[in-house]
Amino acid sequence: MQKNVIEDVFGTKVFNDEVMQEYLPKKTYAALKSTMENGEELTRDVANVVAHAMKEWALKNGATHYTHWFQPMTGVTAEKHDSFLSAESDARAVLEFSGKELVKGEPDASSFPSGGLRATFEARGYTAWDCTSPAFLREDAIGTVLCIPTAFCSYTGEALDKKTPLLRSMEAISKQAVRVLRLFGDEETQNVSCSVGPEQEYFLIDRDQYLKRDDLIFTGRTLFGSMPPKGQELDDHYFGSIRERQASFMKELNIELWKLGILSKTQHNEVAPAQHEMAPIYSTANIATDHNQLVMETMKKVARRHNLECLLHEKPFAGVNGSGKHDNWSLVTDTGKNLLSPGSAPYDNKQFLLFLTAVIAAVDDHAALLRMSASNPGNDHRLGANEAPPAIISIFLGEQLEDIVEQILATGTATHSNKGEKMDIGVQTIPPIRKDATDRNRTSPFAFTGNKFEFRMVASSMSIAGANTVLNATVADVLEKMADQLEKADDFDKAVDELICSTLKEHQKVIFNGNGYSDEWIAEAEKRGLPNVRTMVDATASLTNEKTIAMFERQHVFSRTELESRAEINYEAYAKAINIEAKTMIKMASKQYIPSVISYVTSLAESINSISSACADADLSVQKTLLTKCSSLLAEAQKALDALKEADAKAAGMVEGKEQAEFFRDTVFKAMADLRAPIDTLEDLVDKDYWPVPAYGDMLFEV
């Protein structure tokens, strides 16, 4: 290994600023940067020069094909590869790549989820180059491919992807934030970026074990499984020493990510056995979203090289912690100022307090929508019902800011703020350290953590685009109203104080610094009028209420049609996910569990008969009790299996949409739980040699 692997490999597979300066004429480079930073139109001549340079760089690095890499509403990425061979090639290879091919592609729009925006016979859709996210090279068994990040839209102009609304929301919040900054006398800032750092949790299990479980293969989670004697109760896995096999995976993962310019920073064991986390350094929301998609893809790819399987499902194992993706969000100016940094005197930092108040108002006004942005079928197992953070959106501010808020609510302004003190831990050889002015709250779904907000609800397998689109748009909408009001003020300083105070009074109900896991909080939240949105189906309704539509249309992020299509996509995605799980349970119960239990009870009965024949006086109470118990549970499992088949068949015959999704949630999901219960109990009774699949203990601890 070379002396400094990070410096040697970082960004080597990225068409980054350094490469652009090397390969592009100065005039073209300047024009492209102006497009990237100021939104100026990209001319055909510039596009042609950039395309030629990109091709030459890619060919030098072994590429044979290029692809428009985009993020449709499936939640994963999509791509179609084209070689650099020219249509004029005959006897010899002619390699070309034009500006037109760089800027626009044409995938089939009807084959991706569109929520009715595209009919089956209406196939045309377009991918459009997103020059703000750098192109990169991906190397695998297929060879080296130049990947060009793109937006994806329909023939009629609607967004069919996750990137386009995110880019729109970034423009919206930049526009409104700059308006507010101008009122504070900031004439330098030209744009404001949302800075995002998504922490990624995941499980690693042995791939051979994984391949023996149809539920993991088809659904990403275990649909059956009894907890082993040991889980996470000893807290010995969290931040524990990383074992050799996982460490080898992490080492290769880091190198692969660094090559792609992804700022992989932190790695550690998470709370649950076999669970881990990776966290990057912050990037703009757009690049962070692209990078996180690459992180998930690379984790899967690298894991298989080590005969491991990376599980990104939010709850792959019942009984231990699930996986999330903490979305750390802040606002940063192009001059380098973090607008959510309190500074040394936050009580007197009116600009910070106004932006903080805007976030509080946005989260309170659109709590259900924010919950929706973190919703998928897997996250329903993790949020509210079975595991924290709760499904109730609240904001943790910490002791310092809570004190400032209380001062403002009491008197209209704040005059002081708590500061972090020096802490002496009582060991002479360890110098006193200065603690933060506030503690952290791991139970809060939306927590202020020093100079950013940490949205802890986001699901581990999801794109972060949706959450950040909602955050950007809702905060932009509040900032717009604030700017409209302040621009008319005769006394700006007085108007700012009054606006901060009145906004906090209206939205203070969303602030909660206590234990979000407690039953008391659920009752308190209901008293405050905070929504408790437990499932993805419930959350999806927020997409199409008039308040949401008006907000998104004001900010030019989504149209009514685009929102209605996304609601339909959500309902269909939920129904299809539960349907796949139900069918997988039916198959496993019918073909694996019930036959295996029958074999076991048959052998048990034969053993009882053999012993009874050999010794009529033998005490067979243990064997008979076990036989009776297993036979009873077997009958219960068969009854539940028949009920699940009936429920799933009824659901499958319904028209796709909200009613079908609700039926899957209320009826099919319950039938699935009823089938799981007796089979999980049988797992603890049946001889392990008869059990048809690896148990939890095999997967969580034998890695």
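Tyr-593 has a relative accessibility of 2% and therefore counts as buried, a term for residues under 20% relative accessible area, whereas over 50% is exposed and anything in between is partly exposed (1.4 Å probe, protein chains only). This is a predicted model, in which local features need pLDDT of at least 70 and side-chain atom pairs count only at pLDDT 80 or more, while totals for chains, interfaces and linings use all residues. Residues are numbered from 1 along each chain as its sequence is written, and side-chain values use heavy atoms, with hydrogens and water left out.

The structure holds 23 aromatic pairs, meaning rings of Phe, Tyr and Trp (its six-membered ring) whose centres lie within 6.5 Å, with planes under 30 degrees apart called stacked, over 60 edge-to-face and the rest tilted. In one of them, the rings of Phe-352 and Phe-448 have centres 6.1 Å apart and planes at 55°, so this pair is tilted. Because Phe-352 belongs to helix H11 (residues 350-365) and Phe-448 to strand S17 (residues 446-448), the pair ties together parts that are 96 residues apart in sequence; helices (H or I, at least four residues) and strands (E, at least two) are DSSP runs, numbered from the N terminus. Phe-352 is buried at 1% relative accessibility, and Phe-448 is buried at 4%.

Tyr-593 is paired with Trp-691, the ring centres being 5.2 Å apart and the planes at 45°, so that pair is tilted. Trp-691 is buried, with a relative accessible area of 10%.

By contrast, Asp-493, in helix H15 (residues 492-507), counts as exposed at 55% relative accessibility.
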